[in-house]
Amino acid sequence: MEARVDTTRLQRLARSYAETAVFYAAIDLELFTHVSRGAGSIAALAQAMGTTELNAERLVTVTLALGLLELADDGSLRNAADCEKFMVKDSPRYAGAWMTFTRAEVPDWFNLTERLTDQTPPTELGMYADLTVERARKYHRATASIGMGAARRFCRHVDLRGRRRMLDLGGGSGAYSITAVQTFDGLEAIVLDLPPVVVVSQEYIDDNGVADRVTTHGADFINDPLPTGCDVAVMASNLPIYSAENIAKVVQKTFEVLEPGGEMHLIGETLNANGVGPVDAALWGMAEVNYGDNGSGGRAHTVTECIGYFEAAGFVEVENVDFVAGTLTRTTGRKPLG
Ligand SMILES: C[S@@+](CC[C@H](N)C(=O)[O-])C[C@H]1O[C@@H](n2cnc3c(N)ncnc32)[C@H](O)[C@@H]1O
């Protein structure tokens, strides 16, 4: 018998913005923090959040349905494991800044039809074209809350023992550089980012006590020369910001400045080889339409394209591996010795 086709999925999609709104409200009202501190009932939560019991019940009902809260055996409320680990304020793992990172873009998303039909050419740098130090500081408060965890994962996946100097392209908060020098004895790193951003990178470097091993370099990795003398290069979380042409250009420039035998890692939200999904990578590409006067030139790139950028540049032993399943992949290659 043919499967019955219905509208359930489409109806859910038509209203999935409400899930985001509920999550933002839960963050604003510190729902997960209160639950972690022992507010295990609707009455206790209403008091802690300053809502009516009816509204606390509404919020609890949705967050239970979404699996963000769970019911313990005794009927009390508890956080799901990810909310307990990342959504409790004052925890070193608190990622609230990252979860609300794109909140200011909500009105743009609901203007998407107009953006998509605008024929004005995009600006190359998108949201980065007119960065100030203050905006970079706010931006990287969010990226650091997630980037340090990603950097620890990178250092577990990639053995940099014996490497001497790492070039961290678009290094932002310096998460990868800071974590890598803390993990690997003798490694130094250069955080390369746009001039207003490296002021902020330096603050993170100083706060983490690694200023003797991590330096900064203010530059535009598309248009400026890259520093030489590095045997590792990392470019993390800026893949959808740029066009295929520009990503290929940075990979090529990196290949040229790397020491023979050096390695490059490109970590980013990547589409599957056939260009179908995952949704997250596709949406990061779409987000670029919202930036700059009429979007940046950025888009989602496939695994096959990423491998192609590396091979065209001259890298060998090129491969693409999962970094965070369903979200991020890591393309890697080595510069031949001779
Ligand atoms: C999403 S952040 C990622 C930061 C860091 N790599 C991490 O994973 O935590 C992207 C970074 O790329 C930088 N960036 C974007 N375009 C750049 C360019 N043309 N030259 C240098 N840095 C750039 C941005 O300023 C920003 O710091």
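Student: Which residues is glutamate 188 in contact with, leaving aside its neighbours within four places in sequence?

Tutor: With neighbours within four places in sequence left aside, glutamate 188 is in contact with Arg164, Arg165, Met166, Val181 and Arg213. Contact means heavy atoms within 4.5 Å. A word on the source: this is a predicted model, where local features need pLDDT of at least 70 and side-chain atom pairs count only at pLDDT 80 or more, while totals for chains, interfaces and linings use all residues. Residues are numbered from 1 along each chain as its sequence is written, and side-chain values use heavy atoms, with hydrogens and water left out.

Student: Where is glutamate 188 found, and why does it count as partly exposed?

Tutor: Glutamate 188 is found in strand S4 (residues 188–193). Helices (H or I, at least four residues) and strands (E, at least two) are DSSP runs, numbered from the N terminus. As for the label, buried means under 20% relative accessible area, exposed over 50%, and partly exposed in between, with a 1.4 Å probe and protein chains only. Glutamate 188 has 34% relative accessibility, so it counts as partly exposed. The C-alpha atom of glutamate 188 is separated by 8.3 Å from that of threonine 215, which is 27 residues apart along the chain.

Student: What makes the pair of glutamate 203 and arginine 137 a salt bridge?

Tutor: A salt bridge is a side-chain nitrogen of Lys or Arg within 4 Å of a carboxyl oxygen of Asp or Glu. For glutamate 203 and arginine 137, the closest N and O atoms are 2.6 Å apart, so the pair meets the definition. Glutamate 203 lies in helix H12 (residues 195–207) and arginine 137 in helix H10 (residues 133–157), so the pair ties together parts that are 66 residues apart in sequence. Glu134 also belongs to the picture: Glu134, Arg137 and Glu203 are linked in a network of salt bridges.

Student: How many salt bridges does the structure hold?

Tutor: The structure holds 13 salt bridges. Among them is the one that arginine 103 forms with aspartate 28, the closest N and O atoms being 2.9 Å apart. Since arginine 103 lies in the loop between helix H7 (96–99) and H8 and aspartate 28 in helix H2 (residues 17–28), the pair ties together parts that are 75 residues apart in sequence. Another is formed by the side chains of glutamate 30 and lysine 89 (3.0 Å, N to O). That pair links distant parts of the chain, with glutamate 30 in the loop between H2 and H3 and lysine 89 in the loop between helix H6 (81–86) and H7, 59 residues apart.

Student: Which residues of helix H4 (residues 42–49) are buried, and how do you know that they are on the same side of H4?

Tutor: The buried residues of H4 are Leu45, Ala46 and Met49. They cover an arc of only 105 degrees around the axis, so they sit on the same side of H4; the arc is that of the directions from the helix axis to the C-beta atoms. Their cover includes helix H3 (31–36), helix H5 (53–65) and strand S2 (77–79). After H4 comes glycine 50, whose phi is positive, near 75 degrees.

Student: What makes the phi of serine 237 worth a remark?

Tutor: Most residues other than glycine have a negative phi, and most peptide bonds are trans. Serine 237 has a positive phi of about 60 degrees although it is not a glycine. Serine 237 is found in the loop between strand S6 (230–236) and helix H13 (244–257). Glutamate 317, in strand S9 (residues 316–324), also has a positive phi, near 55 degrees. With a relative accessible area of 55%, glutamate 317 is exposed.

Student: Why does phenylalanine 110 count as exposed?

Tutor: Phenylalanine 110 has 60% relative accessibility, so it counts as exposed. Phenylalanine 110 is found in the loop between helix H8 (106–109) and helix H9 (112–117).
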